Amino acid sequence: MTWEITIGIDLAITGSHVATGCNQKGEFLEKTPFRFGQTLEEYERLIQRLVPVKAEPEKVLFLMEATGHVWLTLTTFLISRGFKVAMVRTQKSSDLRKFFKKNTKSDFSDAQTLAKYPFMDPEHLHLFTLAEDGIFAMDRLTKQYSKLGKDIAKCKSRIHASFQLCNPKLIAAFGDHKFTEGTSYFFQTYSNPFKVKEKTKDEFKKDMLNHLHGLENPEIIDHMYEYSLSHCRLLEDIKSRLKTLPFNLDILQEEISQEFRHIQFLEQERSILKKKIDKLYDQIDPDKVLLDFKGIGRVIAPVIMAAVGQFNRFPSLNKIKAYLGLIPKKSQSSGTDRKGLKIIKTGRNLFKESFYLAAHVARQWDVQFAHKYKTLIERGLHHKQATCALANMLLARVYSVMKRRAAALAKGDVLLAKSIRYELRDLNNNIITAAQARAIILRDFPSKTKMKQKKEESPAISTRQSKDSSNSSRRIPPFKKRLILPKNQNLQELSVG
């Protein structure tokens, strides 16, 4: 499209914005920077100064970078007046500014660079579209929900670090069950091991049993008591020699209790957010189409809808992959093409994390995903590389289903749109249930743990060598290949030399 005027705006969070424009020939309209504020009068002054009266609004393009959140109000104002707006990636505008003026960096030069951008890279110029109110609200809520989850994880890390001073042997004994109901009560009440010593074993056990509902192995309470007394003996020995300890156990106890109170508050706020997100998602996707995909549940589905919005605004799968940042970097030169590079840094990290987790679950419930994962691993790909490839595969299927539904709704065919759903299929493309898919995966695509268990359960390979000869110090003949020997196999059976 040919633009009558392109206007670049260098945004400022606290100061004044700077703008300049170019005509169809790429010539600058202003030789000095035009500065304006963040009020309605200042926005109107921008239009009066840089947009000719006879110019058609649809042929006037404003370009800016996403600076803080100040860009959204200005963008909304410009779109409401009929103008077009494009957001330019900061890295691209920075590189282009260095191309024009390598040793000059100013607000005016940045605005000039943005105004020139459509002439330099028109293929990758994407017009900004305003999201629906529900999509914008869901975007903010899902980000906050994720942030609270990370804050909870940080609190748990601090608890783990503090408790290592109180009772390091016991924290190792908890393993992966450090933050269950019972262990949480223990952390808050008995982090100081001398608090345990004040009670008899029966008193301690009775107190813990009141907070360990449905405990499968009550012996862990005995371990808690024994490890605490053992650490008390160690600390008493140190204190008898140094007369003091380099740390205060009561302060650590209070610190850990405070972290747990913080976790409780964060979890309450997170549950409130979850209810709001679920309500919004039910309004935006009443048919729950995304929930048909294995790996996409009530947490990840809102993230996808918030990141994409309307799927039909992307003309192709490659466009949506590039927008979301699920494509790898490319390095090709002189007939060589490097594979297995990292994915690009653009896009939303929350979306990438969510789709990665969804792909990880999908291969455990979808036969075609399990087969694809096995194929990629056998080709030599790392687990993370294979899972990223599955994430792209999952995005392709989500995009196909959602775009077909959007096309049917655009034609007014509601019944056709409701009939377009994702279905689980086997390798012969037959429709199967989730239970059948899971059974096939457990049988034909077992996990590494299951395969390891089968190897350990298989009978040992017989050998003609005696125990004495296998332990002899005779010289082993050289091999043409270096082999990694499996357990219970001797060298004669695997010799290739």
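Helix 11 (residues 249–284) packs against helix 12 (residues 300–308) at an angle of about 60 degrees, with the two axes 10 Å apart. The model is predicted: local features need pLDDT of at least 70 and side-chain atom pairs count only at pLDDT 80 or more, while totals for chains, interfaces and linings use all residues. Residues are numbered from 1 along each chain as its sequence is written, and side-chain values use heavy atoms, with hydrogens and water left out. Axes are lines fitted to C-alpha atoms, for helices over the stretch in contact, and angles run from 0 to 180 degrees between N-to-C directions. Helices (H or I, at least four residues) and strands (E, at least two) are DSSP runs, numbered from the N terminus.

The angle makes helix 11 oblique to helix 12. Angles under 35 degrees count as roughly parallel, over 145 as roughly antiparallel, 65 to 115 as roughly perpendicular and the rest as oblique. Ile 277, Tyr 281 and Ile 284 of helix 11 meet Ala 301, Pro 302 and Met 305 of helix 12. Contact means heavy atoms within 4.5 Å. The contact of helix 11 with helix 12 comprises six nonpolar, no polar and no charged residues. Ala, Val, Leu, Ile, Met, Phe, Trp, Tyr, Cys and Pro count as nonpolar, Asp, Glu, Lys and Arg as charged, and the others, Gly among them, as polar.

Helix 14 (residues 349–365) and helix 16 (residues 383–410) pack at about 95 degrees, their axes 8 Å apart. Helix 14 is therefore roughly perpendicular to helix 16. Residues in this contact include Phe 351, Phe 355 and Arg 363 of helix 14 and Lys 384, Cys 388 and Leu 394 of helix 16. By class, the contact of helix 14 with helix 16 has eleven nonpolar, three polar and two charged residues.

Cys 388 is partly exposed, at 27% relative accessible area. Cys 232 is buried, at 1%. Buried means under 20% relative accessible area, exposed over 50%, and partly exposed in between (1.4 Å probe, protein chains only). Zero disulfides (pairs of cysteine sulfur atoms within 2.5 Å) are found in the whole structure.

Lys 116 lies in helix 4 (residues 107–120). Lys 116 is partly exposed, at 23% relative accessibility. Beyond its neighbours within four places in sequence, Lys 116 contacts Cys 22, Gly 26, Phe 28 and Phe 100. Lys 116 and Thr 6 are 110 residues apart in sequence but 7.6 Å apart in space, C-alpha to C-alpha.

Overall, the protein has 21 helices and seven strands. Of its 497 residues, 37% count as buried.
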